[in-house]
Structure formats: structure tokens, C-alpha cells
Amino acid sequence: MAKRVAAIYDVHGNASALDAVLSDAEKCGVDTIVFGGDLAWGPQPKLVMERVMSLSGNIHFIKGNADREVGERYGVEQGLNNWIAEINQWCSDQLTEQQIDFLNNQQEKVTISIDGLGEVLFVHGSPRSDEEAIRKDTPQDEIEPMISSVREPVIVCGHTHIQFDRTVFGKRIVNAGSVGLQIAARGACWALIGPEVDLRETKYDYQKAARQILESGVPMASDFAEHVLNPPTEGP
Ligand SMILES: [Mn+2]
């Protein structure tokens, strides 16, 4: 039985933000970490993979759609935009064979029994797809078929990069937000799960992060840097 679980989602190759979240999680006394997917796709894939693969303790990894695309070198032939395909290939090229194998061997989901909450299911997108989005305003009727076969009372997801905590047809659904490519947040977002649900936003040095991103060599580096300097708002 876990007591305090850090749900760390959508790091997207932002090593500075990840380091800040790992320090904050340690201060919060977490005994278990779930990395919820989309670790490497972004400006610092190698640093992020080195960091997470060196951690020890109770750690689980869920595969995100972007991990799948980097691990399997998805290109335009899979119907992707040029720029996404280009970043997939660049990220793949940065990683060692061992890091690629690690990405390709992550689980699709994990269930953990957590004090105060019971059984909690962790997925990347929705319980049935790593690309399906659950947002805070997704209509309940659209969510129903995504969760109808889930037996756990609590579901933790990510993928859309905006935190929420809502209940749909009796299931509590928590979106942990994004550590590295946050939307409508200034800091690195994650969730502390157990015994309550605490949606956290950890401050980090985003100006330093932006400088490192500009030096990383990632395609569209200035766009990534701009994203962390001025995260987009939620939009309409
Ligand atoms: Mn994703």
C-alpha cells in the first residue's frame, strides 16, 4: 500500500523542470513515483532519460504517445506533421539504444493501492488510448465509454497538459498537468496522490531552462524556449 504517490506526467524533455519536481516530491515525503508518459519528446531527451533511469525505489513508468513515437521513430509516413516527425527523429538520435529500449518497454497502465483513496489507475491519455484526451470540460457522455470498463474508483491521466480534478459517473478523474510543457501555469505541474489529491505547481528557473533549450540543438528550439518563458493560456 502506497501512502504518497507523485504523478509526474508530460516532462517533454525539460530537465530543469523535472529536477525541481523531483526535489519537491522528495520534500513532500513521497514513497512512490509514477511517470505518466511523454518523457523524452522535447529539447533535452537524453538528460531526462538519464535522470529518470538513475532513480531507485518504487517507480513505475507509463508509456505516452510521444514516447511511442520517439521509441519507434515515427515519421511523416505515419501521418504526422513534418515538424513533429522531425523532432521524433532528432530525439531518437539523441538517445542510446538502452534508453530507446527503456522507452519501448514501458507499461500502458498501472494500478496502485493508495492510503485514503483505494485503488488508483494511472494512464497517459484515457484508459483505452494513449492519445485520447480527457479535459476538464469534456462532456460526461464523451468520457463515459472511455471509463466504462474501469473498476478502480480513481483515474489519474495527463496528455492534455492542464490539471483538473473532477468526478464523472462516480469516478474521480485527476489530470496531473505537464511538468515540462505547461499550459496556463507558470511552474512545473504534477500531482501528489494520497491521502488527498493535491494538484501542485512547482517553481523552477524557467529562464535558465530557456537558455539550455536554445543551446540544445532541438529543431524549433526558439519555440520550445518561448513556451517555457511564456506558457500559452488555455485559449477559448
Ligand atoms: Mn501525450
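**Aromatic pairs, nonpolar core and manganese site**

Phenylalanine 35 and phenylalanine 61 are both buried (under 20% relative accessible area, with exposed over 50% and partly exposed in between, for a 1.4 Å probe and protein chains only). The model is predicted, so that local features need pLDDT of at least 70 and side-chain atom pairs count only at pLDDT 80 or more, whereas totals for chains, interfaces and linings use all residues. Residues are numbered from 1 along each chain as its sequence is written, and side-chain values use heavy atoms, with hydrogens and water left out.

A search of the whole structure finds five aromatic pairs, defined by rings of Phe, Tyr and Trp (its six-membered ring) whose centres lie within 6.5 Å, planes under 30 degrees apart counting as stacked, over 60 as edge-to-face and the rest as tilted. Phenylalanine 35 and phenylalanine 61 form a stacked pair, at 5.1 Å centre to centre and with 10 degrees between the planes. Tryptophan 41 and tryptophan 83 form an edge-to-face pair, because their ring centres are 6.3 Å apart and their planes stand at 65 degrees; tryptophan 41 is buried at 9% relative accessibility, whereas tryptophan 83 is partly exposed at 39%.

Ile8, Leu18, Phe35, Leu39 and Trp41 touch the most other members of the largest nonpolar core, which has 46 residues (a core being a set of buried Ala, Val, Leu, Ile, Met, Phe, Trp, Tyr and Cys residues joined through side-chain atoms within 4.5 Å).

The manganese ion has as protein donors Asp38 (OD), Asn65 (OD1), His124 (NE2) and His159 (ND1), lying 2.1 to 2.3 Å from the ion; donors are N, O and S atoms within 2.8 Å of the metal (3.2 Å for Na, K and Ca), and sites may look incomplete because water is not among the atoms.
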